[in-house]
Amino acid sequence: MENYNETTSDFILLGLLPPLKISLFLFIIIILIFLLALIGNLCMILLIILDTNLHMPMYILLSQLSFMDLSYISTIVPKMAYNFLLGDKSISFIGCGVQSFFFLTLAGAEGLLLTSMAYDRYVAICFPLHYPIRMSRKVCVLLITGSWIMGSINSCAHTAYALHIPYCKSKVIDHFFCDVPAMLTLACMDTWIYEYTVFVSTSFFLLLPFIGITCSYGRVLLAVYRMPSSEGRKKAYSTCSTHLTVVTFYYAPFVYTYLRPRSFRSPTEDKVLAVFYTILTPMLNPVIYSLRNKAVMEALKRVVEKIYSVKV
């Protein structure tokens, strides 16, 4: 490991890419994934705004998911790319706090938003007659606002703690972004109480929602199985499988990373798992929802035809 000046107030991010020739190849792949995520999520947001047929709770929630994914990957990759290209692995104390705040806010908010999306599908399939009341525009806005507020409150608490604990060891963070658990390994005080709060907040924002989503989809699949219409079953299965795919990609590596005791964690494994929920998932979500959602594909055709007709 390189020697860094430990007297500076800045942190040092060791990064994701190894100091080998293959690192440039991996960097190019990450930048391509970032651009795909950027374009895909922007297109999804614009498509839902432009097509009035998608002005429904399910797609309003989806547009928020795209916005969160867009913000998510933009919080991590640009700084990582900047550090790689300039060979400067430092990040200021305040910069580290800002990055940590946005990461934790988006992580918590997205976890709760995915739960809201599962609730939306549960009501739509199991209680279709009650859907206009249980998932009205007002309820949808409240679910989105609640996700952002609770994610921000949780993030403020964790970030404030991380910025106020004494760091008397090396300022070298063995990660590619300011992940609070990775920062805690540098503290010169016992952090077991905080580690317990991490377990509690992870359970609240990730584990409990994941269990709730699993239970709701168990009910949904049972209701779908009893549907008399084969076309209705096919449509419901398609919608549910799409959301379950997104949920699995997001929750599984997150829960596995944050619920393990520190003694069972390794920096390399944590970084590999973090790639799934910080880089890959934001890129995959718009692809999964566009290719596996008939309504989105039809809306895309309508918007393209409308744009083409205006040009002609």
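## Basis of the description

A residue is called buried when its relative accessible area is under 20%, exposed when over 50%, and partly exposed in between, with a 1.4 Å probe and protein chains only. Helices (H or I, at least four residues) and strands (E, at least two) are DSSP runs, numbered from the N terminus.

The structure is a predicted model, in which local features need pLDDT of at least 70 and side-chain atom pairs count only at pLDDT 80 or more, while totals for chains, interfaces and linings use all residues. Residues are numbered from 1 along each chain as its sequence is written, and side-chain values use heavy atoms, with hydrogens and water left out.

Helix H3 covers residues 93-126. From first to last C-alpha, the 34 residues of H3 reach 49 Å, close to the 50 Å expected at 1.5 Å a residue; the expected span is 1.5 Å times one less than the number of residues. Because 24 of its 34 residues are buried, H3 is largely enclosed by the rest of the structure. Ser116 lies in H3 and counts as buried because its relative accessibility is 7%. Beyond its neighbours within four places in sequence, Ser116 is in contact (heavy atoms within 4.5 Å) with Leu61, Leu143 and Ser147. Gly95 is also found in H3, but counts as partly exposed at 23% relative accessibility. The C-alpha atoms of Gly95 and Asp10 are 8.9 Å apart, although 85 residues separate the two in sequence.

Helix H5 (137-164) has 28 residues, which should span 40 Å at 1.5 Å a residue; the end C-alpha atoms of H5 are 41 Å apart, which agrees. The buried residues of H5 are Cys140, Ile144, Ser147, Gly151, Asn154, Ser155, His158, Thr159 and Ala162. An α-helix has 3.6 residues a turn, so residues three or four places apart point the same way. The buried residues of H5 pack against helix H2 (57-86), H3, H6 and H7.

## The sheet

Three strands form an open sheet in the order S2-S1-S3, with mixed pairing. Its edge strands, S2 (90-91) and S3 (172-173), each pair on one side only. Two strands pair if DSSP finds at least two bridges between them. S1 and S3 run parallel and are joined by two bridges, and Ile12 stands opposite Val172 in S3. In general, strands of a sheet pair through backbone hydrogen bonds, either parallel or antiparallel.

## Cavities and pockets

Cavities and pockets are defined on a 1 Å grid over the protein atoms alone: a cavity is a set of points where a 1.4 Å probe fits but cannot get out, a pocket is an open set with protein on both sides within 12 Å along at least five of seven lines, and lining residues have an atom within 4 Å of a point. Grid points are joined across faces, edges and corners, and a volume is the space filled by probe spheres set on the points. A search of the whole structure finds two cavities of 30 Å³ or more. The largest cavity has a volume of about 210 Å³ and is lined by 17 residues, of which Leu104, Asn154, Ser201, Thr202 and Tyr258 lie nearest its centre. At least two lining residues come from each of H3, H5, H6 (180-184), H7 (192-225) and H8 (230-258), and H7 gives the largest share, six residues. The lining of this cavity divides into 11 nonpolar, five polar and one charged, where Ala, Val, Leu, Ile, Met, Phe, Trp, Tyr, Cys and Pro count as nonpolar, Asp, Glu, Lys and Arg as charged, and the others, Gly among them, as polar.

The second largest pocket has a volume of about 480 Å³. Of its 24 lining residues, Pro181, Thr185, Arg262, Arg265 and Asp270 are the closest to the centre. S3, H6, H7 and helix H9 (267-291) each supply at least two residues of this lining, which has 14 nonpolar, three polar and seven charged residues.

Lys21 is placed in the loop between strand S1 (11-13) and helix H1 (22-50), and counts as exposed at 84% relative accessibility. Its C-alpha atom is separated by 30 Å from that of Gly40, 19 residues away along the chain.

Met283 lies in helix H9 and is buried, with a relative accessible area of 15%. Leaving aside neighbours within four places in sequence, Met283 is in contact with Ile33, Leu36 and Ala37. The C-alpha atoms of Met283 and Ile39 are separated by 9.1 Å, with the two residues 244 apart along the chain.
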